[in-house]
Amino acid sequence: MVSALVRIVSFAALAYLALPLVVLVGASLTTTSFLAFPPQGLTLAWYGKMLGDPSYVSAFLISTLLAVAATIVAVLLAVPAAIAIARYRFTGRGLLSETLMSPLILPHVVLGAALLQYGSAIGLVRSFPALLVGHVVIIMPFVLRAVLPQLSEDQRSLEEASADLGARPLTTFFLVTLPQIRSGLVSGAIFAFIASWINVELSIFNTTAELTTIPVKLFNYVQYTIDPTIAAVSGLTIIVAAVVIVLLDLTIGLDVLSERRR
Amino acid sequence: MSGTLRPVLLLCALPAAFFVAFFLAPMAVVLIASLTTAAGQPTFAHYLRILADTYHWDVLWVTFRIGALTTLVCVLIGYPLAWYLVRIVKWRPWRRFCVILLVVPLFTSNIVRSFGWMVLLGRNGLVNDGLIGLGLIERPMRFLGTELGILIGLVYILLPFIVLAVGNALAKVDPALEHASADLGATPAGTFRTIIFPLSLPGLMAGAVMVFMLAVSAYVTPALLSGGRITVFSMLIFQQYSSVFDFNYGGALSITMLVLTLALVAIAGRLSEPRRA
Amino acid sequence: MSPILAIDGLSKHFGGQPALTAIELSVEQGEFIALLGPSGCGKTTLLRCIAGFLTPEAGTIRLAGEDVTRLPPYRRPLNTVFQNYALFPHMSVAENVAYGPRRQGVAKDEATKRAAEALELVGLAGFGERLPAQLSGGQQQRVALARAIVNRPQLLLLDEPLSALDLKLRKKVQSELKQIQHRLGIAFLFVTHDQEEAMTMADRIVLMNRGRIEQIGRGQDIYARPATRFAADFIGDANLLAVNRRSDGSFSLLDGAITLPAADAPQGELTGVLRPEDILVTAEPVAERLALPVIVSDVVHVGSHASVALTVGGSTLTARLAPSALAGLSVGQAAFANIRLSDLRLVPGDA
């Protein structure tokens, strides 16, 4: 009885999760000039229109460039910090780790507003670097959170063995530490990339008509007009997300909900 | 200490400096701005204005009511779904598919997800068509611009967080504990009540706190699904910075929101802390 | 008195692979039984069938005469001490122990009282308020025991309960367990892979291999009269000798150095079992024994005794001697291994 109820709720919830994605991808294929679901006829014309519009192409490029750059900077900053936090006991260690993790629980609108106000004081507004620093701040916790648990105590003995065998710290890092934290680093970097790629709340303060990311462009657009081009743009981001996730599942495995062996 | 100081400095100097420059300093600027006038004189006027203005109280009330309802609905749907995925599904490919379905929305922006609901919940959207088709309503219901519409959108966006948090906790429960409980005479329902649920509670609390915070601070989803008819707190902040350009008052609103959210996080953290003897 | 546990024709498969085959076992009230065997022999599977976590494909399990084969675990009047204790991490020690009585509907005060008594019995009075994580491994083991006996089950199952303890602590807990079992008069069914533990603790040993029971009996009986080659090899040390059946029905061992008369030995492949302490090694043959000429190939001192390797033709025998008997034996020397044919047993199984 209870089990049947759980199944019904679960199927309804899964349908609820799938519905908007299916509708958007479906509506992007319609031949009508308004959004229709189920689509009437099938065409890729709206995808063509989107790719023919230089403002979309440039927004896609900026989003990608921003996400890649922010991820690289975040990894370069987060990995040394993670090693220090995991390997050394020092004053301010707790404060450091909590500060670095706090953007996770901070409303992005607040941070975006703060960066805009601060940026206008130091001349860092509405530019690629202005977008970049904000994105690095909000995505660094994802890298840190994924890497920290992998710098375990067992690992430390491997590093000590490496040092004992005559390796200098940097050699130990590249030959011993890095291979051990690779999977955490990869998944952390992917989550960081995605967090940057989909961000609206932070970017919106520092974008302009020319310098805009795809989520911000969509956001500004749908408030005024709704046509199948928007569905095509959305559809493309959904397809990109699905591909990334399937790749992620095949490489690092997403089966996080497997029960322990009984 | 001298032995560890050098490597710590080498490792931390850059990340710490970056966070001071682009995180702590901006937040400090906002805090200072919220306590000064446009001319730079210290004042509490902005906070007093927030306290005195009943409009702000209304917006706060709406924001937190939507946040609480979102959290409640997410828990009520998310716990059974997590249970289903961890305990009931035996066929691994199906569970994989479900997990992917759960994660794909997390990887698409709020805007795309909310846009999907704008299409679905419109006057001639699929939801109204379906309800009329089923004979449940006669004329299209209005979803956009109602709290119900915002709730549907927010639950949709935040449900994966709670499912993953609860699912992780459930998957970690040692089967030996359930065996021990059954061995000592507990029925399956008794084992759930006394063992599994208490052990999954920290995961549930963590997920619920996350959902509540994101729901309270959400901007995009309410902005799109409210159709301008409902205002939540993050919209007030955005207005001050993007159209009113009153950074001092906006700063006070930001700090208010931050303090309220962090206070709630701290309370929830205290409540969900594992017990110590 | 009827047996407290009677298992009849029990079989269990995992995905077509037999895990238990035709298990027959009967346990009397107050008995201490060890289920002994190498890992993968089916002893834990058998325990889980009895506890109710697995359902067998065939056979019956009776507890005090009642068929419980298909009852869920929570309806079976027995309790289990789990291998890694399975203490509930979110409950105090007292709550863990009171858990069983509470599930039986015992009022809270009474359950708490019983828990305190059980904790006292295992020597943990005053530890009730702690969380399991705050106890040492040995203390956790005792909590698990207290929790399992608080309901006064008629049968207690113990799944390698001492495997997580270090050697010295294990010896101590072994004797404590035995005392508690005596005091309670509950039958214990104890799974172990450690033959010494089984020998010292159990009234009877159930020796298992590949999902079957090889032999049931008192430890010293299995040692003295192993029923199979496996039993001879698993319990104690043994010289296992290849046996050739001659055309006249007699048996030849060690390339004809030993001949046994045709007897009512079992059919099929046989193995000769000779315990190391049954071999006397001397410079001259000993009267009334069969003296085999051997070469001493190695001598290893093991404290209380010495282990001597002897070469007989192409085979090696191991003898166990008291240090005093070693006088005059050195490696490479010719000597005699003196045995009694009555000490040599023929058992089924390929050497």
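Read along the sequence, chain A follows the pattern α-α-α-α-α-α-α-α-α-α. Its secondary structure amounts to 10 helices and 0 strands, where helices (H or I, at least four residues) and strands (E, at least two) are DSSP runs numbered from the N terminus. The model is a predicted one: local features need pLDDT of at least 70 and side-chain atom pairs count only at pLDDT 80 or more, whereas totals for chains, interfaces and linings use all residues. Residues are numbered from 1 along each chain as its sequence is written, and chains are lettered from A and ligands numbered from 1 in the order in which they are written.

Along the principal axes, the C-alpha atoms of chain A fill a box of roughly 70 × 60 × 30 Å. Of the 262 residues in chain A, 44% are buried, a residue being buried if 20 or more other C-beta atoms, placed from the backbone, lie within 10 Å of its own. Two residues are in contact if their C-beta atoms, placed from the backbone, lie within 7 Å. Among contacts in chain A between residues at least 6 apart in sequence, 72% join residues at least 24 apart.

Chains B and C meet through 16 residues of chain B and 22 residues of chain C. On the chain B side, the elements that give two or more residues are helix H8 (175-183) and helix H9 (188-217) of chain B. H8(B) gives the most, with 6 residues. By class, this side of chain B has 10 nonpolar, 4 polar and 2 charged residues; Ala, Val, Leu, Ile, Met, Phe, Trp, Tyr, Cys and Pro count as nonpolar, Asp, Glu, Lys and Arg as charged, and the others, Gly among them, as polar.

Chain C is divided into domain 1 (5-229) and domain 2 (237-348), with bounds from an automatic or database domain assignment. The C-alpha centres of these two domains of chain C lie 40 Å apart. Their contact takes 4 residues from domain 1 of chain C and 5 residues from domain 2 of chain C.

Strand E16 (residues 290-302) of chain C has two pairings to follow, and two strands pair if DSSP finds at least two bridges between them. E16(C) is joined to strand E19 (residues 334-339) of chain C by 6 bridges, and the two run antiparallel. E16(C) also pairs with strand E17 (residues 305-312) of chain C in the antiparallel sense, over 7 bridges. C:Ile295 stands opposite C:Ala334 in E19(C) and opposite C:Thr311 in E17(C). In the hairpin of E16(C) and E17(C), which has 2 residues between the strands, C:Gly303 takes a positive phi near 70 degrees.

Methods:
Buried ≥ 20, exposed ≤ 12 C-beta atoms within 10 Å, placed from the backbone.
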